[in-house]
Each structure stands twice: as C-alpha cells, then as structure tokens.
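The sequence and the structure are shown first.

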Amino acid sequence: MAKGYWVSAYRTISDPEKLAAYNELAAPAVRAGGGRVLARGGRVVAHDAGIAERTVLIEFDTFEQAVAAHESAAYQEALAVLSDGVERDFRIIEGVD
C-alpha cells in the first residue's frame with residue numbers, strides 16, 4: 001500500500017502566535033493519526049513560482065491514514081486555532097509503491 005504525505009508550503013505567516021498555538025495542538029493530533037514529521041521549517045531553496053517560506057512534510061503509512069488524520073476532531077481543533085494566522089498551500093498526496 002502506498003504511503004500518504006501531508007505537504008504544507010506556507011506563503012505567509014501573519015500571526016506567529018496563532019501558528020504556535022496550532023503547533024501545540026497539531027503535533028499530538030498528527031502523532032495520534034500515525035504521522036511522522038520528516039521536515040519542518042528548515043532551509044528552503046525555492047524554484048520557479050515557489051516561495052522560500054516554512055515548509056512541512058509529514059509521512060503516514062497509507063494515504064487513507066493521512067486523510068483520516070486531517071479529518072480527525074483533534075486536527076480540526078488545531079485548524080480552528082490557526083484560523084487566518086497563515087496562508088499556506090496544504091496537500092495530501094499519495095506516495096508511490
């Protein structure tokens with residue numbers, strides 16, 4: 001079965017306090033959903049139309065697990081706290097077998 005990944009590319013961070021509050025709630029929600037953080041906020045080199053802002057990559061054992069973790073009540077609570085504190089491109093993608 002193919003793995004699933006959350007890919008978040010932050011365009012802007014307008015409220016760092018909301019992002020910090022989100023991180024406090026999102027981290028345990030991701031772990032509870034079986035996610036493993038592979039990259040978070042490190043160095044970025046952007047090409048083409050990319051933006052060199054915070055980028056996060058989280059791996060799940062399956063694509064379905066990644067979708068379920070996003071839909072979980074715990075993660076939805078984290079999203080409510082984040083609200084309009086950031087603008088980001090968030091995707092759930094399926095890996096290759």
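**Entry 1**

I looked up the contacts of Ala52 and found Val44 and Ala46, leaving aside neighbours within four places in sequence; contact means heavy atoms within 4.5 Å. I note that the model is predicted, that local features need pLDDT of at least 70 and side-chain atom pairs pLDDT 80 or more, and that totals for chains, interfaces and linings use all residues. Residues are numbered from 1 along each chain as its sequence is written, and side-chain values use heavy atoms, with hydrogens and water left out.

I placed Ala52 in the loop between strand 2 and strand 3. Helices (H or I, at least four residues) and strands (E, at least two) are DSSP runs, numbered from the N terminus. Is Ala52 buried or exposed? Ala52 counts as exposed because its relative accessibility is 54%; buried means under 20% relative accessible area, exposed over 50%, and partly exposed in between, with a 1.4 Å probe and protein chains only. The C-alpha atoms of Ala52 and Arg11 are 8.3 Å apart, although 41 residues separate them along the chain.

I then turned to Gly85, in the loop between helix 3 and strand 4. Gly85 has 0% relative accessibility and therefore counts as buried. Apart from neighbours within four places in sequence, Gly85 is in contact with Ile13, Ser14, Asp15 and Lys18. I also recorded 8.0 Å between the C-alpha atoms of Gly85 and Glu17, which lie 68 residues apart along the chain.

**Entry 2: helix packing**

How do helix 1 and helix 3 lie relative to each other? The axes of helix 1 (residues 16-32) and helix 3 (residues 73-82) come within 8 Å and cross at roughly 175°. Axes are lines fitted to C-alpha atoms, for helices over the stretch in contact, and angles run from 0 to 180 degrees between N-to-C directions. Helix 1 and helix 3 are therefore roughly antiparallel; angles under 35 degrees count as roughly parallel, over 145 as roughly antiparallel, 65 to 115 as roughly perpendicular and the rest as oblique.

On the helix 1 side I listed Lys18, Leu19, Ala21, Tyr22, Leu25, Ala26 and Ala29, which meet Ala74, Tyr75, Glu77, Ala78, Leu79, Val81 and Leu82 in helix 3. By class, this contact has 12 nonpolar, no polar and 2 charged residues. Ala, Val, Leu, Ile, Met, Phe, Trp, Tyr, Cys and Pro count as nonpolar, Asp, Glu, Lys and Arg as charged, and the others, Gly among them, as polar.

Helix 2 (residues 63-71) packs with helix 3 at an angle of about 55°, with the axes 5 Å apart. The pair is therefore oblique. Ala69, His70 and Glu71 in helix 2 meet Ala73, Tyr75, Gln76 and Leu79 in helix 3. I counted this contact as 4 nonpolar, 2 polar and 1 charged residues.

**Entry 3: pockets**

I looked up the largest pocket and found about 260 Å³ of space. A pocket is an open set of points on a 1 Å grid over the protein atoms alone, where a 1.4 Å probe fits, with protein on both sides within 12 Å along at least five of seven lines; lining residues have an atom within 4 Å of a point. Grid points are joined across faces, edges and corners, and a volume is the space filled by probe spheres set on the points.

Of its 17 lining residues, Ala26, Ala27, Val37, Arg40 and Ile58 are the closest to the centre. Helix 1 gives the largest share of this lining, 6 residues.
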